[in-house]
Amino acid sequence: MQMKMRLALTLAILNACACGNRESRLLDKVDVKGIAPLGGDLAYVQSSGVVQRLNVMGVNPQPKTTKISITSNPRIVIRRPGVEELLVVSDGRSDQYGQVIEPPALTVLPDQNSKREYPLVDPGQQMKLSDDGKFAVLFNDPSYVDTTSLLTNPGQVAIIGLDKDKYPPTDIIHSLDTVGGPPFAVWFLTLNVGTQVGRPFALFAFPQGISLVDLDSPDDKEPKLDLTSWLPSGGMDKTSGFGVAFDQGSAEIYLKNSHSSDIKVLSVAPGIPTTDGGSGNTVNISVRSLTVSNSTAPGAFDVYSLASGSRLLATVGNSVASVTTDSDTVTSVALSTPANQILQFDAKAPKDPNSGQRALLYQTDPTGGSLQSSVTFVNLEDLEIGKAAALETVDFGAKISSVVQLPNLPLQLLVILSGGGIDVLDLEKRHWSPIDSKVPITLTAATSNRLWVGSAGDNRIGYVDLSNSDPTDPTSAVMLTIKSTQLDSPVQQMFQMNQSSNSRVIVTHDQVGGAVTWVDANNPERSAAHKLEGFLLSDLL
Amino acid sequence: MAKLKISIALAVAVGQVAAPAAAQFLPAHRDVQKSPPNTAAPGATSGAASSARVVSSDPTNGSVAPAASAVLAAPPTSTTPGAGTASPATAPAPAANTVVASSPGVTQEPATAQPSMVSNQPEPLQPNLLPVVVNQAQPPEVTEAPRTYEHHFTVTLDVANVLWRTSTGYDLFSSNDAAWRIAIGFGYDVLKLPGHTILAAEVGAMAEPDQGSNSNSGLLGNTISGSLSAATFMLGGSLRWAMTQWFAPYGRLGLFTSRYAVDIHATASDTTASSGVDWSYHRWVEGGSLGAGVMFNLPPRSPVNVGVLVEGGYWLQQSVDIQLEGSPPAGSISTLGARLGSLGNSGPYLRFAGLLRF
């Protein structure tokens, strides 16, 4: 026993001599919440609020990062459309008693190593960006559970003009006059209201109606509309098939839901100033209805313009309908394959050497139960007269899981098949080329004439070269060349990045400390590839 | 008469030769008090006289003269009658021929106890023909100073050797700053300097066994772990001041090279099925140390001596880069791993060692 006590005492003394503990920062996990290209860098946004930027477009690979701190607990990471900026929505931090230590914020990271922060009121909001990247709206997310605050205002939204020179970073919080509950969706519209100049609006959808906010004057009182009689009992939510389309020139907004065969048309007109000198509503809204079908609710709809006026194109069950919006005249043509998606494009057609307005109708289904193997081409300018002659069906022989538009190849569609494999569909020639794959394709990127595909978790990336059989004749048949490049680690995400003369495919790997492989897009050989790893831990110790 | 003179002369001559030889064969430790005081008489008279071992006596009273330390005191009981009439020829014996006694009055053992003195005994003299009184007839009883061995070699074995690494880099491998090591060293005293100062050359080897954190160590949320081991080879020298036979403070300067082996393991991600990753590499790093300590050992009474030493000092060594670097198989994509930081190896050290000297 004495021996044991002596031993214990000795160990205690030795331990006391072995002073020094690990720094607490070494105990925190590197928790990456989002990865996105930013300039020539790949930005890794971590839950700690650290953004580490790895340069992947330099001449020499270097596994070093530059760091910038933002508000902690980022939840949404989105690249701003049209502008080289990254948007990060962070929830901030509160202590165990609910005292806010860091308020939630939207951080804008420009290409330079700087930031702009917009304070938010509530954490856990969802964000919607306008297609042109000029506006961001943050609003209530019903799926978020706030564990700190007992009470929140679900009608409180943040409307942020992202052009820093045009919109000040203050006065971004607004309380909406809700209609039957908090907003569940928002659409961005551009309408020519009283002028030929488009004005940006945000349309908020509530369970029992909508409101329209003028984004140039978001402080003005927004007009709202109660649509209870048109909506299903219990109101709308994300599953109600609520949809919005608009015609900029006529300043009309079209609304649909999956419970009504009618389409509501909102005509937006300039507001009338109030007698007390106030501006009142900036716009006034009048409502009318279009009947697309006697009993069936439209699946998808979109607006197109003809010389004779605006038309509404809608898929209704197994048919497609063209509706003259002025007269509510409906031209309905049966489809051989049902569709719930509409993709409009301008292109030539095999039998029409002139470029014209076309549409591709296809079906998607997240549950996979109603997928189809064929798509329908529609010559929009000929639909009302030619009817069935304006349609052309292309069958892929396998059910279509999704259709991907390629940013650099607007007339080539990537059709991903549910059973594995991809097809490249030429929208002009309406020709498709089957490419088999034993794994589901989940990642895509495109260079000028090369389409990159990958599957998350697989070690390979593949590419499809699209080139004309006669390089001097762009109308000659497209030749496909396919090839795969084997990487050393499973693929997590894939980005195609260009800077000056460099064109690279950047593949990230899910590895502690971060890992990427950069592949020369013009010379996609392993010998020309480089892998960087552990850069998120660089200079950690 | 002439025969007598020859005999006496012979006896003196033999005594001059035999005395140092006898002393040389004396055991180092002898319990002289055990010898009975009268064992030398009377037979010892003739025996001792014949060996003519001791002749230093006071001619006046026959007692042994306390001449310096080289005086053999003859017990009065060992004198024979007529001792006061000692022959002048035998009276003052040269001090060089005396056997050293540690203290006056120590009784000698009988001469018969000394085998070396039994041999070559001349023929005994007839008492009636020998009027010489030899008052110191026995071989001298000597109590020597304890024999001191001079050791030149030192072997040390560190039972506790700790280096304090305070750099953050070491946090990857340990939850505290103490690096425990084991070492063995070999030294040789190459130069004796004035003032009991000794310069020694040393070689040694040191091992730092696997110091590692496991995957549950909490590092980066239990996603990374590392282990570190090192082997060090040293050359050095020490300057020791032998204050006493058992205590010597010293200073030591060492030059060394170490081979550090670093292993880093990243666990599999929890979001995909990707496997974990391992990085492994080694580095050679040079350095030096400067220390001071004290050495304790038992008095050097035996050919092999034992002791301990306690030493503290500063270990100065280049840092080692902690790099995510491995040996990918041939044909792998060119890979560059990040530099996590550096492992600082400099810091104070303390060692406690056992030692053998011979």
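Me: Which residues touch the most other members of the largest nonpolar core?
Reply: This is a predicted model. Its largest nonpolar core holds 158 residues. Those touching the most other members are A:Leu106, A:Val137, A:Leu138, A:Ala202, A:Leu203, A:Tyr254 and A:Leu361.

Me: Which strand gives the most to this core?
Reply: The core in question is the largest nonpolar one, with 158 residues. One strand of chain A, spanning residues 199-206, supplies six of its residues. That strand is S16 of chain A.

Me: Which residues does A:Tyr254 contact, leaving aside neighbours within four places in sequence?
Reply: A:Tyr254 is among the core residues that touch the most other members. Contact here means C-beta atoms within 7 Å. With neighbours within four places in sequence set aside, the partners are A:Ala245, A:Phe246, A:Ile263, A:Val265, A:Phe301, A:Val303 and A:Leu312.

Me: How far apart are the C-alpha centres of domain 1 and domain 2 of chain A?
Reply: Domain 1 of chain A covers 176-291, and domain 2 covers 293-395. Their contact takes 18 residues from domain 1 and 14 residues from domain 2. The C-alpha centres lie apart by 25 Å.

Me: Which strand supplies the largest share of the side of domain 1 of chain A that touches domain 2 of chain A?
Reply: S19 (243-247), S20 (252-256), S21 (262-270) and S22 (283-291) of chain A each supply at least two residues of that side. By class, the side has six nonpolar, nine polar and three charged residues. The largest share is four residues, and it comes from S19(A).

Me: Which residue of S24(A) stands opposite A:Asp302?
Reply: Strands S23 (residues 300-306) and S24 (residues 309-316) of chain A run antiparallel, joined by seven bridges. A hairpin of two residues links S23(A) to S24(A). Opposite A:Asp302 stands A:Leu313.

Me: How many residues of chain A are in contact with chain B?
Reply: Chain B brings 36 residues to the contact. Its side has 15 nonpolar, 18 polar and three charged residues. On the chain A side, the number is 40.

Me: Which strand gives the most to the side of chain B that touches chain A?
Reply: S9 (334-337) and S10 (339-343) of chain B each supply at least two residues of that side. The top contribution is four residues. They come from S9(B).

Me: What is the bridge partner of A:Leu532 in S9(B)?
Reply: Strand S42 (residues 530-533) of chain A and S9(B) run parallel. Four bridges join the two strands. In S9(B), the partner of A:Leu532 is B:Leu336.

Key:
Residues numbered from 1 in each chain as written. Chains lettered and ligands numbered in written order. Predicted model: local features only at pLDDT ≥ 70, side-chain atom pairs only at ≥ 80, totals over all residues. Contact = placed C-beta atoms within 7 Å. Nonpolar A, V, L, I, M, F, W, Y, C, P; charged D, E, K, R; others polar. Pairing = 2+ DSSP bridges. Core = buried A, V, L, I, M, F, W, Y, C linked by C-beta atoms within 7 Å. Buried ≥ 20, exposed ≤ 12 C-beta atoms within 10 Å, placed from the backbone. Domains from an automatic or database assignment.
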